[in-house]
Amino acid sequence: MRLKIAIQKSGRLYEESVKLLKECGIDFNNSMNKLRTEATNFPLEILFLRDDDIPQYVADKVAAIGIVGENVIAEKKQKVKIMEQLGFGKCRLSIAVPKDKKYEGLKSLNGKRIATSYSHVLTAFLKKNKIKAEIHDISGSVEIAPGIGLAEAICDLVSSGSTLFSNGLKEVETVMKSEAALIANPGLNRQEREIVDKLIFRMRAAKKARKNKYILLNAPRKNLNKIISLIPGMKSPTVLPLAEKDWCSIHSVIHEDEFWEVIEKLKEYGAQGILVVPIEKMVI
Ligand code: ATP
Ligand code: MG
């Protein structure tokens, strides 16, 4: 029994999807131009598809699970279950208008034409906000629509905003935030569910590990308690004696978000020789 997973064939989610599966310890050959491949050490078959098609393949159970952006999941309205957000492919679906146009809130969009590839999501957003605008559904290069006179505004994916900027547009509203997610067919049997659970368990361990670092340092024993309260670690830090009597070595785990702040405090408390190393997997 092999579970099929659909991932993007090429594009913005491809590399991170492959990387995540490999970080889960799953080996497979992903040489270019392959449409499907089997993992050698996990009951998984990987299908490489266009991201737009993934929700439907999963809904139809051609693939049991898939990795795709939440933006695509929302737009395609297929019956799939979101199992886990994956923390990459972060972007937002935003409305943008030409830089030099006056914009005074959503009501400025009344009666305007908005070009987008996300007509379902945009329709729901406009309806919720009681705005009546004309939606032009186009499949690509949405950002040039105002420049060629097709629309007065666009609704498209943005991450840094540089594409908007170079097309003379400014972002004025966020319609939705998105990141890549693992989706599943809602009708999986027990055996399939077990494989999915195993995979999710590994994905969480890989995701957690990325966000945490292993930290080792030497510190004067008199400040030990203060330092332990700064870096409590998973259960409690390891404290080892040093040959120098009043000193000890402390090993712990530290979260990426608080990293710099904690390092500064550690130095204040006399910590020396601070080493920070990446963690490959983290199971709590
Ligand atoms: P495909 O050939 O598979 O249909 P595509 O051209 O539709 O690919 P990509 O541009 O590769 O799609 O984007 C895939 C996903 O990456 C998007 O649906 C979105 O979830 C995410 N993403 C992250 N940042 C951005 C961004 N700045 N612009 C577009 N998509 C982004
Ligand atoms: Mg696509």
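Buried means under 20% relative accessible area, exposed means over 50%, and partly exposed lies in between, with a 1.4 Å probe and protein chains only. Keep that scale in mind for the whole tour.

This is a predicted model, in which local features need pLDDT of at least 70, side-chain atom pairs count only at pLDDT 80 or more, and totals for chains, interfaces and linings use all residues. Residues are numbered from 1 along each chain as its sequence is written, chains are lettered from A and ligands numbered from 1 in the order in which they are written, and side-chain values use heavy atoms, without hydrogens or water.

**Stop 1**

Select C248. C248 is buried, because its relative accessibility is 0%. Now pick C24. C24 is also buried, at a relative accessible area of 3%. The structure holds 0 disulfides (a disulfide being a pair of cysteine sulfur atoms within 2.5 Å).

**Stop 2: ligand 1**

Select ligand 1 and show what surrounds it. There are 17 residues around ligand 1 (a heavy atom within 4 Å), and the closest are R12, D51, D52, N71 and S159.

Look for polar contacts next (pairs of N or O atoms within 3.5 Å; within protein, one must be able to donate a hydrogen and the other to accept it, and residues adjacent in sequence count only if both atoms are side-chain atoms). From the side chain of Q8, an N or O atom is 2.9 Å from an oxygen atom of ligand 1. R12 brings a polar backbone atom to 2.8 Å from a ligand 1 oxygen. At N71, a side-chain N or O atom is 2.7 Å from an oxygen of ligand 1. Two elements give two or more residues to the shell around ligand 1: α3 (70–76) and β9 (153–158). Such helices (H or I, at least four residues) and strands (E, at least two) are DSSP runs, numbered from the N terminus.

**Stop 3: S108**

Go to the loop between β6 (91–98) and β7 (113–116), where S108 is found. S108 counts as buried, because its relative accessibility is 19%. A polar atom of the S108 side chain lies 2.8 Å from the backbone nitrogen of E104.

**Stop 4: two lysines with positive phi**

Select K61, in the loop between α2 (54–59) and β4 (65–69). K61 is not a glycine, yet its phi is positive, near 65°. K61 is partly exposed, at 35% relative accessibility.

Finish at K77, in the loop between α3 and β5 (81–85). K77 is no glycine either, and has a positive phi of about 50°. Is K77 buried or exposed? K77 counts as exposed, because its relative accessibility is 59%.
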